[in-house]
Amino acid sequence: MYANTFAQLGFVTLTFDQVYMGESAGEPRHVASPDLYAESFSTAVDYLGTKAKHVNREQISVIGISGGAGFALSAAAVDTRIKSVVTISMYDMTDIREMANLAPEQLFQLKDQLSRQRWDDFENRQPDYHPSFPEEPYDSIDDLPNHDELTNEWLRFYALKRGFHPNARGTATTTSNLAMLKFSALDYIKEISPRPILFMETMHILVLILGELITLLTNQNKD
């Protein structure tokens with residue numbers, strides 16, 4: 001949707017599904033790797049700067065949507081070829097500790113459970129995976145089941161035909177959360193400055209708070 005709009009405005013656009021997801025390659029499917037997610041943005045810049053000869057290397061920007069926005073910022077923090085960043089309804093997928101608000105013993109239990117799941121995955125020859133979106137898309141918003149506000153927002157896009165893909169059915173493999181626990185996407189976003197960042201947020205309170213936090217961290221004027 002965003003790529004089509006920018007292309008119509010005359011921009012050269014490149015859009016991709018994250019590795020192991022959607023129409024991108026990679027096995028096993030549905031694995032979430034924060035390091036590779038950030039790397040995907042730099043790989044896109046590699047392609048644009050070498051294969052698209054009419055692209056100005058000094059005017060390449062990236063757009064990250066939802067959880068992908070955190071990895072766009074992570075990439076830009078170290079990849080100086082990215083000259084600006086736009087985030088849309090961003091949240092930090094790697095911030096499991098804060099989002100889950102776990103006590104130390106609960107955090108240990110989570111890590112222990114996920115670590116032991118790796119043995120089960122190895123013995124089963126496939127990773128444990130529980131998709132959150134249906135096998136077939138719903139026809140309309142009126143057909144969607146009712147959940148909490150955030151889940152409803154996801155379903156209104158990804159569970160309908162406009163956003164549905166059979167290889168991107170929500171969440172990732174169970175043990176992917178271990179990778180998220182090892183990675184902090186926003187640790188170095190101060191280093192993006194003075195390159196500009198545009199935050200486009202919803203009115204959901206979680207996203208608003210995160211947007212304010214990032215504005216402070218980057219030492220940039222949010223206007």
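The following paragraphs treat a helix pair, the sheet, the aromatic pairs and the backbone in turn.

The model is predicted, so local features need pLDDT of at least 70 and side-chain atom pairs count only at pLDDT 80 or more, while totals for chains, interfaces and linings use all residues. Residues are numbered from 1 along each chain as its sequence is written, and side-chain values use heavy atoms, with hydrogens and water left out.

Helices (H or I, at least four residues) and strands (E, at least two) are DSSP runs, numbered from the N terminus. Helix α2 covers residues 34-50 and helix α3 residues 68-78; their axes come within 8 Å and cross at roughly 65°. This angle makes α2 roughly perpendicular to α3, a class that spans 65 to 115 degrees, where under 35 is roughly parallel, over 145 roughly antiparallel and the rest oblique. Axes are lines fitted to C-alpha atoms, for helices over the stretch in contact, and angles run from 0 to 180 degrees between N-to-C directions. The crossing of α2 and α3 is right-handed, that is, the near helix is turned clockwise from the far one by less than a right angle.

On the α2 side, the contact (heavy atoms within 4.5 Å) is made by P34, Y37, A38, F41 and S42, and on the α3 side by G68, F71, A72, S74 and A75. By class, seven of these residues are nonpolar, three are polar and none is charged. Here Ala, Val, Leu, Ile, Met, Phe, Trp, Tyr, Cys and Pro count as nonpolar, Asp, Glu, Lys and Arg as charged, and the others, Gly among them, as polar.

The three strands form an open sheet in the order β1-β2-β3, with parallel pairing; two strands pair if DSSP finds at least two bridges between them. At the edges lie β1 (61-65) and β3 (197-200), each pairing on one side only. The twist from one strand to the next averages 10°. Strand β2 (residues 84-88) is joined to β3 by four bridges in the parallel sense, and I88 has M200 of β3 as its bridge partner.

Six aromatic pairs are found in the whole structure. Rings of Phe, Tyr and Trp (its six-membered ring) pair if their centres lie within 6.5 Å; planes under 30 degrees apart count as stacked, over 60 as edge-to-face and the rest as tilted. F16 and F41 form an edge-to-face pair, 5.5 Å centre to centre with 75° between the planes. Because F16 lies in the loop between α1 (2-8) and α2, and F41 in helix α2, the pair ties together parts that are 25 residues apart in sequence.

The peptide bond from E27 to P28 is cis, with omega near -5°, and P28 is in the loop between α1 and α2. Another cis peptide bond joins S193 and P194, with omega about 15°; P194 is located in the loop between α7 (176-182) and β3.
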